Amino acid sequence: MQFMLLIYSAEGTGPQPGSDEFGAFMKGYVDFTETVKKDGKMVAGDALQPIATATTVSVRGGKSEIMDGPFAETKEQLGGYYLLDCEDLDEAVKYAAMIPSAEHGRIEVRPVMVWDN
Amino acid sequence: MLPPLTLQRTIDRTVREEWGRILACLVRAVGDLQLAEDCLQDAVVSAMDHWQKTGLPKSPAAWLITAARRKAIDRLRRDRNFASRQDEISYLIEQDNQALDDGEAELIPDERLEMIFTCCHPALAEKTRIALTLRTLGGLTTEEIAHAFLDRPDAMAQRLVRAKKKISLAGIPYKIPDSTVLPERISSVLSVIYLIFNEGYSASSGDVLTRTDLIEEAIRLARIVNRLIPDDTEISGLLALMLLHDARRFARTGKLGELVPLETQNRRRWDRAKIAEGVRILETVLPRRRLGPYQLQAAISAVHAQSPSWQETDWPQIEALYNLLYASQPSPVVRMNQAVAVSYARSPEAALAMLDEAAAGGVLDAYQPYFAARADVLVRAGRTQDARKSFNTAIKLSDNSQEKAFLHDKIAHL
């Protein structure tokens, strides 16, 4: 079954670009991506631009409203995701724990809904 | 033909005893806990009806599993996603063709271990793990579980339904975990069993001091897991610990239901058979030198259980065991218990210093046993005023009326 691994962290926490740790951190992502590909689990995965680039859209009474930024005022923001094909939750959790951001942020593991016809 | 009442009792007993094993087997076949449970429930209803007419089958368990499988086939055929359930249906029919003859119930594969790992999965909330384990492995009804945890039956039912949905949708596996995570997952199972035991043993709220059903259920579950994973010394340790604690059941409450502390318990009322079994288990596992917190706590309990009187307690031995326990589990609560041992093995003053240290982090600020223990040590150090203050704090923190009465009594005797 497919699992979405949503990567949340507070911007400004964790290794920052330009720091010594940042290189190792990014290498961690490269290695992780390679591992899930090699294991045949990778469906998709992306990093997102920072929250300052976000736009929120809603439609009320047929009228589109466009707003700058996200509604949620939580400190931790969605920064990226992996979509993996795993045997079960145990396997998904095992991979989630290998994502470098898990060490300062958190990974939400969600099964992808399967539509029966 | 059996009279209806006897029959009902026999069915109830069979269902209780066999529920976990049959259910585990059905889950494997139909791949879904809720569906398996519904089918087994249906089978139980027809059993009542059928056995009334024909008498009890030679193996009620074999009868129930065959009936439940047929119910499952029916239900799956009626499923609107019939096509997607074809695999399960074929499997069930195949199993049904090799249906167990009467008396072959022991051939039912035991998959209770898979089921208990599912129910105690860390992706479920702790209270849910407990309730689910009692329901699926223990065969307790939702009402019984709600009653045991002083919850409303509908709230408990909701919790169980949601849990089963999560297991199925979130992909919580039905298997014995991989060796990399097995130790932590076993410890999750053990902690669920011990929580069930403690809920029965100390009744954190309400007026009933012991809820026997939960105690017995916890011991039964530990026996099952111990049989299925005989190599794990901590499982044996937990079983021994619970037996040794439970051996004191009839001595720890007085005639009026009041709490009687270890010091003044009538040791003749301790259950010698349970003590003997607990000690025997420890004598088997301790020499394997794979110690853990459950074995150490059981060993401490065994020292008490084997002491002819409070005065003759081997406190240096208990202190030594607490030192090992603190080394493996350095928590303020263990520190506190270690201090109590020190107060007897050495001096109340030495213990007070340790108690202060244990409380320094603030973790014990709302922990009733800490203030009761501290008060006790203060009494023995001759600091009556401070002891009174500490007893009063303990009373404020307790929500068990027997416990409160016990503490008030302590103050009265200062």
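**View 1. Helices α5 and α6 of chain B, packed side by side.** Angles over 145 degrees between N-to-C directions count as roughly antiparallel. In this predicted model, helix α5 (residues 112-119) and helix α6 (residues 126-136) of chain B cross at roughly 155°, and their axes come within 9 Å. So α5(B) and α6(B) are roughly antiparallel to each other. As for handedness, the crossing of α5(B) and α6(B) is right-handed. From α5(B), look for B:M115, B:I116 and B:C119; they meet B:R129, B:L132, B:T133 and B:T136 of α6(B). Sort the residues of that contact by class and you get four nonpolar, two polar and one charged.

**View 2. Helices α13 and α14 of chain B.** Here helix α13 (residues 293-306) and helix α14 (residues 315-328) of chain B pack at about 165°, with 9 Å between their axes. That angle makes α13(B) roughly antiparallel to α14(B). The crossing of α13(B) past α14(B) is left-handed. On the α13(B) side, the contact is made by B:P293, B:L296, B:Q297, B:A299, B:I300 and B:V303. The α14(B) side brings in B:Q317, B:I318, B:L321, B:Y322, B:L324, B:L325 and B:S328. By class, this contact of α13(B) with α14(B) has ten nonpolar and three polar residues, with no charged ones.

**View 3. Chain A as a whole.** Chain A has two helices and six strands. Reading from the N terminus, its elements run β-α-β-β-β-β-α-β. Its C-alpha trace spans about 50 × 50 × 20 Å along the principal axes.

**View 4. The four-stranded sheet of chain A.** This is an open sheet with the strand order β2-β5-β1-β6 (chain A) and antiparallel pairing. Its edge strands are β2 (42-47) and β6 (106-111) of chain A, each of which pairs on one side only. On average, neighbouring strands of the sheet are turned by 20° against each other, if you ignore direction.

**View 5. Strand β5 of chain A and its partners.** Strand β1 (residues 2-10) and strand β5 (residues 76-85) of chain A pair in the antiparallel sense over nine bridges. To get your bearings on that pairing, find A:L5, whose bridge partner in β5(A) is A:Y82. Then find A:L6, whose bridge partner in β5(A) is A:Y81. β5(A) also pairs with β2(A), again in the antiparallel sense, over five bridges. For a landmark in β5(A), take A:L83, which stands opposite A:A44.

**View 6. Where chain A touches chain B.** The contact takes seven residues from chain A and ten residues from chain B. On the side of chain A that touches chain B, the largest share comes from helix α2 (residues 89-96) of chain A, with three residues. By class, this side of chain A has four nonpolar and three charged residues, and no polar ones.

Methods
Residues numbered from 1 in each chain as written. Chains lettered and ligands numbered in written order. Predicted model: local features only at pLDDT ≥ 70, side-chain atom pairs only at ≥ 80, totals over all residues. Axes fitted to C-alpha atoms, helices over the stretch in contact; angles between N-to-C directions. Parallel < 35°, antiparallel > 145°, perpendicular 65-115°, else oblique. Left-handed = near helix turned anticlockwise from the far one by under 90°. Contact = placed C-beta atoms within 7 Å. Nonpolar A, V, L, I, M, F, W, Y, C, P; charged D, E, K, R; others polar. Pairing = 2+ DSSP bridges.
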